[in-house]
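Please consider the following model together with its sequence. An explanation in running paragraphs accompanies it.

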Amino acid sequence: MSKEIVKLDDVCVCYGAIRALQGVSLSVEEGAIVALIGSNGAGKTTLLNALSGLVPVQSGHIFLRGEEITNEKPHIIAQRRIAHVPEGRKIFSELTVEENLRIGAYTQYKNKAKIEQLLHMNFELFPILAERRKQMGGSLSGGEQQMLAIARGLMSEPDIILLDEPSLGIAPIMVEHIFEFIRQINASGKTIILVEQNANLALETASYVYVLETGRIVNENTSDVLIHDDTIQKVYLGL
Amino acid sequence: MTMFFQQLVNGITQGGLYALLAIAYSLVYGVMGLVNFSTGSIYMLGAMSSWLVCKYIIESFWLSVLISFGVGFVVAFVLEKIAFSAIRGATRIASLICTIGFSQFINEAVALIFGKATQGMSTFFDQELFAFLGVHISVMQAVLVVTVIIILVALQFFVYRTRIGLAIRTVSMDEKTAGLMGINVNRTISIAFSLSGACAAIAGLMGAVYYRSFSAYMGWMPGIKSFSAAVFGGLSSMPGAILGGYLMGIIENFGVQVFSTGYRDVISFIVMIVFLLVRPQGILGSKKKVKL
Ligand SMILES: Nc1ncnc2c1ncn2[C@@H]1O[C@H](COP(=O)(O)OP(=O)(O)OP(=O)(O)O)[C@@H](O)[C@H]1O
Ligand SMILES: [Mg+2]
């Protein structure tokens with residue numbers, strides 16, 4: 001058994017009268033790729049946002065390496081080696097590619113040499129970004145922006161990366177590339193929590209999968225088991 | 001020709017003052033998406049502190065600059081902490097009314113303490129720097145112009161070349177994502193707000209020196225004029241605010257020349273309204289909708 005790195009315990013989140021998360025508990029082991037699947041509005045993004053402090057949690061607890069981080073400010077959580085690559089990429093379109101990456105290393109400002117090293121590493125991982133480094137973030141294609149968003153996340157040297165629908169609105173060939181990168185990043189020892197609407201892709205990539213429906217976890221298991229699950233096949237894989 | 005250059009010189013002097021105030025609007029608008037209508041009152045407080053310094057301590061221009069900067073910074077800091085953090089997230093119109101209320105409160109408090117009458121201010125650098133073909137430039141004008149330029153250059157450096165400046169720009173673009181990058185959003189807003197106050201207060205000191213007077217209500221006109229200037233230049237753009245401020249000063253002084261002094265305040269607004277009908281996002285502003 002490896003170590004538990006992220007844990008949610010009975011977490012509830014409301015937006016006014018809308019109950020987006022209703023008592024969600026989950027656990028992520030260090031070094032794993034864990035996927036969250038579920039239809040539109042199930043609460044996947046809300047779960048990641050609660051984890052990174054973007055939305056307030058009404059009740060329940062969130063732990064990072066055993067320490068409680070429930071309702072901490074986003075910048076405090078970001079300093080704890082966790083990077084959130086948000087839904088819709090949220091590239092700073094009026095900054096250049098390189099500036100976007102440097103922003104990602106904002107918490108590393110004391111170590112200039114480290115920043116250069118991380119920049120170099122990311123340009124090697126994503127050569128297309130090196131080519132476009134002086135271009136404005138907003139001028140990149142969707143797939144390039146997704147790579148930039150992931151690279152920006154990596155610039156903070158995280159142990160844990162939250163990825164919210166990295167395949168959204170991106171050409172299939174580019175999606176393949178991006179998921180190849182995700183596996184590569186995971187192979188380098190980083191834990192990944194992946195939100196993905198494409199259940200096929202999620203089951204292929206992750207070792208463990210949680211199924212979210214209207215704010216509740218309705219099913220969870222290793223991907224090998226879930227891929228043969230009847231309801232999963234019917235509802236999410238369309239078989 | 002002589003008149004042309006004389007008005008140009010006067011316009012640039014006054015425009016610098018508007019530019020500082022316009023920057024004060026644009027800094028706050030950038031990070032909070034809020035038009036801070038108490039900017040004019042902070043301008044007045046800057047003038048007041050320099051007036052007090054010259055009256056009770058020592059007649060020194062440079063000490064006044066320092067003190068105004070400090071007062072503006074601290075007042076804005078406190079204002080943001082007690083008033084604006086509380087209303088952050090409130091509806092836009094409620095926040096807007098709040099800033100107007102604060103402005104009123106500050107003006108009336110000062111009027112209660114020092115009276116409503118206009119007070120005389122010490123004169124600085126009264127000598128003529130040079131006169132050429134009938135164009136007169138005083139040392140005071142030169143000092144004001146140069147000081148504004150130094151401050152503007154320093155601000156540009158701060159915003160575009162430092163880490164805190166980067167945080168300010170990032171929060172202006174997308175507050176939530178800025179937080180995910182590890183940027184302390186609240187602190188960044190607080191710094192930008194305080195800096196905006198410092199700019200407004202220094203503009204106030206310059207107003208007091210330029211017009212040789214101080215009064216509790218002196219912030220009103222420059223306040224709305226430079227707000228217009230900021231919109232004119234493109235509210236969300238700092239270079240735009242600077243450009244808008246200078247253009248406002250220059251247009252106003254030429255207007256006075258062509259028409260008469262009585263129309264001073266009307267002319268600049270007419271020019272601005274006509275311009276905004278043609279280009280609503282301002283000179284350098286982006287196409288994004290300006291939200292009030
Ligand atoms: N800021 C908000 N204000 C009000 N309601 C919200 C807000 N964000 C999300 N919701 C609601 O909360 C519920 C969960 O939304 P969430 O974005 O977490 O779903 P999701 O699983 O990420 O969906 P999608 O697959 O479409 O991204 C939805 O009913 C949504 O309408
Ligand atoms: Mg979502």
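Predicted model: local features only at pLDDT ≥ 70, side-chain atom pairs only at ≥ 80, totals over all residues.

Residues are numbered from 1 along each chain as its sequence is written, chains are lettered from A and ligands numbered from 1 in the order in which they are written, and side-chain values use heavy atoms, with hydrogens and water left out.

Chain A contains 10 helices and 10 strands; helices (H or I, at least four residues) and strands (E, at least two) are DSSP runs, numbered from the N terminus. Its radius of gyration is 17 Å, close to the 18 Å that the globule rule gives for 239 residues, so chain A is as compact as a globular protein of that length. That radius is taken over C-alpha atoms, and the rule is 2.2 Å times the number of residues to the power 0.38. Along the principal axes, the C-alpha atoms of chain A fill a box of roughly 50 × 40 × 40 Å. Of the 239 residues in chain A, 52% are buried; buried means under 20% relative accessible area, exposed over 50%, and partly exposed in between (1.4 Å probe, protein chains only).

The metal site comes next. The magnesium ion (ligand 2) is coordinated at 1.8 to 2.5 Å by A:Thr45 through OG1 and by A:Glu87 through OE. A:Thr45 belongs to helix α1 (residues 44-51) of chain A, whereas A:Glu87 sits in the loop between β6 (82-85) and α3 (97-104) of chain A, so the pair ties together parts that are 42 residues apart in sequence. Donors are N, O and S atoms within 2.8 Å of the metal (3.2 Å for Na, K and Ca), and sites may look incomplete because water is not among the atoms. A:Glu87 is partly exposed, at a relative accessible area of 30%.

Ligand 1 is surrounded by 14 residues, and the closest are A:Lys44, A:Thr45, A:Thr46, A:Glu87 and A:Gln197; a residue is near a molecule if one of its heavy atoms lies within 4 Å of it. By class, this shell has 4 nonpolar, 7 polar and 3 charged residues. Its largest share, 3 residues, comes from α1 of chain A. Polar side-chain atoms lie at several distances from oxygen atoms of ligand 1: 2.8 Å for A:Asn40, 2.6 Å for A:Thr45 and 3.2 Å for A:Glu165. The protein covers 63% of the 630 Å² of accessible area that ligand 1 has on its own, as given by the Shrake-Rupley method with a 1.4 Å probe. The elements that give two or more residues to the shell are β2 (18-29) and α1 of chain A.

A:Arg81 has a positive phi of about 60 degrees although it is not a glycine. A:Arg81 lies in the loop between α2 (74-78) and β6 of chain A and is partly exposed at 36% relative accessibility. A:Thr214, also not a glycine, has a positive phi of about 35 degrees. A:Thr214 is placed in the loop between β9 (208-213) and β10 (216-222) of chain A, and is exposed, with a relative accessible area of 59%.

In chain B, B:Ser41 lies in helix α2 (residues 39-57) and is buried, with a relative accessible area of 1%.

Terms used:
Polar contact = N/O pair within 3.5 Å; in protein donor to acceptor, adjacent residues only side chain to side chain. Nonpolar A, V, L, I, M, F, W, Y, C, P; charged D, E, K, R; others polar.
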